[in-house]
Amino acid sequence: MDDDILCINDEVSIPLSELSFRFSRSSGPGGQHVQKSSTRVELLFDVANSPSLSDAQRSRVLRRLAGYVDAAGILHLTSQSERSQLRNREAVISRFRSMMREVLKRRKRRKPTRPTAESRERRLRKKKERSQIKKGRGKVRDYD
């Protein structure tokens, strides 16, 4: 495996040169380390203009990851869970790879089927049983 290329699946490989990173200070507790070091990593990937994706793949990514893509077609992912910038960078790249792999996976089409005779019969039998239970809830008559 080449270090300059990020393999998503058999069809798609994205050069790391297409990814850009921004670094900033993390939020939350952590004392002086958090206040002084820029360990939060934001990964930016230009989905709309990427030569690594076909038109069909591009539209699938834009549709299914719409919450992560801005109006310019740039995908934004962040990581700030680790104390080190390097580990956050590795974490966000790993998350990017798994998200892209999931998005680019083709979903199997559902084949419409009909219920079997047995299942229809079972459904009707249960409906009759339920009906009998409800009929038994009528007023109680006193025969004395």
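Mentor: Start with Gln80, which counts as partly exposed at 35% relative accessibility. Keep in mind that this is a predicted model.

Trainee: Why is Gln80 called partly exposed?

Mentor: Set the value against the cut-offs. Buried means under 20%, and exposed means over 50%. Gln80 has 35%, so it is partly exposed.

Trainee: Where is Gln80 found?

Mentor: Gln80 sits in the loop between strand 5 and helix 3.

Trainee: What does Gln80 touch, not counting residues up to four places away in sequence?

Mentor: Gln80 touches Ser26, Ser27, Arg40 and Asn88. Contact here means heavy atoms within 4.5 Å. There is also a distance to note for Gly28. Gln80 and Gly28 are 52 residues apart in sequence, and their C-alpha atoms are 9.7 Å apart in space.

Trainee: Which residues is Arg40 in contact with, leaving aside neighbours within four places in sequence?

Mentor: Among them are Arg22, Phe23, Thr78, Gln80 and Asn88. Take Arg40 and Asn88. They are 48 residues apart along the chain, yet their C-alpha atoms are separated by 6.8 Å.

Trainee: Now the charged pairs. What makes Glu42 and Arg22 a salt bridge?

Mentor: Side chains of opposite charge can pair when their charged atoms come close. The cut-off is 4 Å between the side-chain nitrogen and the carboxyl oxygen. For Glu42 and Arg22, the N to O distance is 3.1 Å, so the pair qualifies.

Trainee: Which parts of the chain does this pair link?

Mentor: The pair links distant parts: Glu42 is in strand 4 (residues 40-46), Arg22 is in strand 3 (residues 19-24), and they are 20 residues apart.

Trainee: Are Glu42 and Arg22 buried or partly exposed?

Mentor: Glu42 has a relative accessible area of 12%, under the 20% limit, so it is buried. Arg22 has 44%, so it counts as partly exposed.

Trainee: How do you know that Glu82 and Arg87 form a salt bridge?

Mentor: Use the same test. Their N to O distance is 3.4 Å, and the limit is 4 Å, so they pass. Glu82 is partly exposed at 33%. Arg87 is partly exposed at 44%.

Trainee: What about Glu102 and Lys105?

Mentor: Their closest N and O atoms are 3.5 Å apart, so this is a salt bridge too. Glu102 has 45% relative accessibility and counts as partly exposed. Lys105 is partly exposed as well, with 47%.

Trainee: How many salt bridges does the rule give?

Mentor: The count comes to four.

Trainee: Which residues line the largest pocket?

Mentor: The lining is Arg60, Arg63, Arg64, Lys105, Arg106, Arg107, Lys108 and Arg109. The pocket holds about 170 Å³ of space.

Trainee: Why is that lining called charged?

Mentor: Lys and Arg count as charged. The lining divides into no nonpolar, no polar and eight charged residues.

Trainee: What makes up the largest nonpolar core?

Mentor: This core has 23 residues. Those with the most contacts inside it include Ile8, Leu43, Phe45 and Phe96. Strand 3, strand 4, strand 5 (74-79) and helix 3 (85-104) each supply at least two residues. The largest share, seven residues, comes from helix 3.

Trainee: What does Ile8 touch, not counting residues up to four places away?

Mentor: Its contacts include Ile14, Phe96, Met100 and Leu104.

Definitions and conventions
Residues are numbered from 1 along each chain as its sequence is written. This is a predicted model: local features need pLDDT of at least 70, side-chain atom pairs count only at pLDDT 80 or more; totals for chains, interfaces and linings use all residues. Side-chain values use heavy atoms; hydrogens and water are left out. On a 1 Å grid over the protein atoms alone, a cavity is a set of points where a 1.4 Å probe fits but cannot get out, and a pocket is an open set with protein on both sides within 12 Å along at least five of seven lines; lining residues have an atom within 4 Å of a point. Grid points are joined across faces, edges and corners, and a volume is the space filled by probe spheres set on the points. Helices (H or I, at least four residues) and strands (E, at least two) are DSSP runs, numbered from the N terminus. Buried means under 20% relative accessible area, exposed over 50%, partly exposed in between (1.4 Å probe, protein chains only). A nonpolar core is a set of buried Ala, Val, Leu, Ile, Met, Phe, Trp, Tyr and Cys residues joined through side-chain atoms within 4.5 Å.
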